[in-house]
Amino acid sequence: MDQPSPIKDLLYQSLEKFPEKIIHERISNGSKLLIADIFKSSNIDSVSGDRVENYETFAESLMHYLLTNAMIPSQRKVTVGEIEVDIIIPDLRALNEKNSDAIILVFPKTRSEEHTSELQSHSDLVC
């Protein structure tokens, strides 16, 4: 079971402000305004904790929501070697078979550059 997350709760509260039809229309049209509007309608700064980490968590959750609603295959929270990858498009199998056909999204949750350096050191994963 997922642990309670005030950021995810905030995301879904923000999404409730938009009719589902509008969300689907904007996703299908590739509108960047949807993301901007969702961020503007949320009050991420009201959540306690590290501001940068809160925005990163919100962005990651929003990306997962948008990919799911756009019916784009993706896999979340995958470990590649010793690195936790937040989202792989389309999936880990594609990454392993032909990494040029995969997209890796990592939302570092700390200000440390260690995670980014680890990912870059696995040059076989980065195209």
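Select E60 to start: at 3% relative accessibility, E60 counts as buried (under 20% relative accessible area; exposed is over 50%, partly exposed lies in between, with a 1.4 Å probe and protein chains only). This is a predicted model, in which local features need pLDDT of at least 70, side-chain atom pairs count only at pLDDT 80 or more, and totals for chains, interfaces and linings use all residues. Residues are numbered from 1 along each chain as its sequence is written, and side-chain values use heavy atoms, with hydrogens and water left out.

Helices (H or I, at least four residues) and strands (E, at least two) are DSSP runs, numbered from the N terminus. R76 is partly exposed, at 25%.

**The network**

Now extend the selection to K77, E84 and D86. Together with E60 and R76, these residues are linked in a network of salt bridges. The E84 and K77 side chains pair at 3.9 Å, N to O. E84 is partly exposed at 42%; K77 is partly exposed at 43%.

Stop at D86, in strand β2 (residues 83–89). D86 is buried, at 4% relative accessibility. Show the backbone of F107 as well: the D86 side chain reaches the backbone nitrogen of F107 at 2.4 Å.

**A pair to compare**

Move to R51 and D45. Their side chains meet in a salt bridge, 2.9 Å from N to O. R51 is exposed, at 53%. D45 is partly exposed, at 45%. The whole structure holds 6 salt bridges.

**Last stop: α2 and α3**

Select helix α2 (residues 20–28) and helix α3 (residues 33–41). Their axes come within 9 Å and cross at roughly 135 degrees. Axes here are lines fitted to C-alpha atoms, for helices over the stretch in contact, and angles run from 0 to 180 degrees between N-to-C directions. The two helices are therefore oblique to each other (under 35 degrees is roughly parallel, over 145 roughly antiparallel, 65 to 115 roughly perpendicular, the rest oblique).

Show side chains at the contact. I23, R26 and I27 in α2 meet L33, L34 and D37 in α3, with heavy atoms within 4.5 Å counting as contact.

Definitions and conventions. Polar contact = N/O pair within 3.5 Å; in protein donor to acceptor, adjacent residues only side chain to side chain. Salt bridge = Lys/Arg side-chain N within 4 Å of Asp/Glu carboxyl O.
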